[in-house]
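This report covers a predicted model.

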2 protein chains.
Amino acid sequence: MGNVAGAADAGALSLLRRKLASLGFHGEYELRCLQDGVAPRRSVLPGKDIVGAGDGPAHVTVLLTGVACLYQTLESGERQIYAFYYAGDFCDLHAYVAPERDLAVGALTDCTLGCIPYKDLDQAIKRHPELAIAWWRVAMLEARGIRERLLNVSRRSALERVAHLLCEQLHRRKAIGIDSQVIPLTQIELADAVGLSAVHVNRIVQELRNLGALSRKCRAIEVANPQLLQELAGFDAKYLTAPEMLAQWEVKTSSE
Amino acid sequence: MGNVAGAADAGALSLLRRKLASLGFHGEYELRCLQDGVAPRRSVLPGKDIVGAGDGPAHVTVLLTGVACLYQTLESGERQIYAFYYAGDFCDLHAYVAPERDLAVGALTDCTLGCIPYKDLDQAIKRHPELAIAWWRVAMLEARGIRERLLNVSRRSALERVAHLLCEQLHRRKAIGIDSQVIPLTQIELADAVGLSAVHVNRIVQELRNLGALSRKCRAIEVANPQLLQELAGFDAKYLTAPEMLAQWEVKTSSE
DNA sequence: CGCATCATTGAAGCCCTTCAAGACTTGTGG
DNA sequence: CCACAAGTCTTGAAGGGCTTCAATGATGCG
């Protein structure tokens, strides 16, 4: 709720600019029309929803700090996690073009959010149609991430699944400048993302600790040997879903 | 290879027009610039690739008739099917904005294809930026479909998975006017989509036949009792991923 | 007719789930 | 500062769903 002004907003804007640049959108001046939109801030505590199921917010939410996830709770009470969001990611861009029932975004750690009202987005797109291509690209990347999650659940053993998910998180965190070896997910959250029972994830985590891939120092998930973890996961960095590696992209319509 | 002219092209154009209208794009005249692009036709036999892994085609492919699938083959030789395509679906729109390694589109039945060269697409988008929002929407729907596939694999029993997949196919076929109760998928293809072994899918199919949900008349998958199948699957029509139900959408930028 | 692909069946066994209970951690209020 | 509650982590035992292997029967195609 607490609105912060000044320097913090500059940080948010530069985050947004980097993000859009990585998506192939290079309008320097044009970003200004979104700048004001990001100002309204919000904080959300772990376990609380950033976007509730069935919400029809009139703005797009940008994650500024923290970790969040896209998820759905089933009738049975189970929860399926579809994607993880980090600083710079858009949480509910999908709702702008295609409202989704039953889909929610939850905070996994303390989260800070920026909001871009739909009307600002409308105007920005109208003035700079290349933006729509950038959003299109965001959607494709989201699909790619979910495909990776499906592959994980469908074709890999429990140990590979967990190890692979941890490798992904490690890479995405590094890509935005977080070097900590600690991954702030509970075993329950891990289980909800890899489609295993929490009990079995626990056994896998212990196995990973025995193998030396994870640290035994603390209760949290701390990676002790990233190299080993990658080998156990069969993780291939080329499968990275993060848009950071795509900085060379150009928006087509502006070139021809 | 055989190019067909005249009446058949009119069918393809009307297919494309319906598709775009369902995505919220209503430019009557504007579609003409895509019309010429669809003319070049191609036929692909079952089991062959429409778009190979690593291909960088200079055009977007529209499926005009038949059934195709988006898939990936792993190092182990296994195949994961991510999505099914029917008449009117775009097979490789993703490659236009975000080239994908290892991803291929294969024909499951005899397929007829139309091609839209990238340069036509470039021009169309430049002239009518709302088109980019329509493509964006396509990408979101693709993501939604893959999420549904993930949910299927992650949280449901083998019988529910198979039944649910069959329900989806039935609905999508009906949405484009195919009323046949026969679903032209082999048990192996089913297995590759639901993440089960072919052997076990076979046992499930037999169980569904014993329960009366599937027909025993032929070797192919023929639905005998759609209602029962839906109950067994816990299938809820509201989860439909097909864009046909979204005809009420409007492209935002043109309204304000 | 022979070959390739798909469907079917059986047996053995492992991976993972479920249930149940206890230990540890954290935060909250008295 | 302690007690308590809530949530997470941990451990064991029992069982079932699915896989793998292997072999045989059907179907269709050149």
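**Polar contacts to DNA strand C**

In this predicted model, a polar side-chain atom of A:Arg203 lies 3.4 Å from a base oxygen of DNA strand C. The side chain of B:Gln187 places an N or O atom 2.7 Å from a phosphate oxygen of DNA strand C, and B:Arg219 has a polar side-chain atom 3.2 Å from a sugar or linking oxygen of DNA strand C.

**The surface near DNA strand C**

DNA strand C is surrounded by 18 residues, and the closest are A:Ser197, B:Gln187, B:Asn202, B:Gln206 and B:Arg209. Of the atoms of DNA strand C that come within 4 Å of the protein, 72% belong to sugar and phosphate.

At least two residues of this surface come from each of α8 (198-211) of chain A, α7 (187-194) of chain B and α8 (198-211) of chain B. The largest share, 5 residues, is supplied by α8(B). By residue class, the surface near DNA strand C comprises 5 nonpolar, 8 polar and 5 charged residues.

**Packing of α6 and α7 in chain A**

In chain A, helix α6 (residues 158-175) packs with helix α7 (residues 187-194) at an angle of about 105°, and their axes are 10 Å apart. Angles of 65 to 115 degrees count as roughly perpendicular, so α6(A) and α7(A) are roughly perpendicular to each other.

On the α6(A) side, the contact is made by A:Arg161, A:Val162, A:Leu165 and A:Leu166; on the α7(A) side, by A:Leu190, A:Ala193 and A:Val194. The residues of this contact divide into 6 nonpolar, no polar and 1 charged.

Note on methods. Residues numbered from 1 in each chain as written. Chains lettered and ligands numbered in written order. Predicted model: local features only at pLDDT ≥ 70, side-chain atom pairs only at ≥ 80, totals over all residues. Heavy atoms only, no water. Axes fitted to C-alpha atoms, helices over the stretch in contact; angles between N-to-C directions. Helix = DSSP H or I, 4+ residues; strand = E, 2+ residues; numbered from the N terminus. Parallel < 35°, antiparallel > 145°, perpendicular 65-115°, else oblique. Contact = heavy atoms within 4.5 Å. Nonpolar A, V, L, I, M, F, W, Y, C, P; charged D, E, K, R; others polar. Near = heavy atom within 4 Å. Polar contact = N/O pair within 3.5 Å; in protein donor to acceptor, adjacent residues only side chain to side chain.
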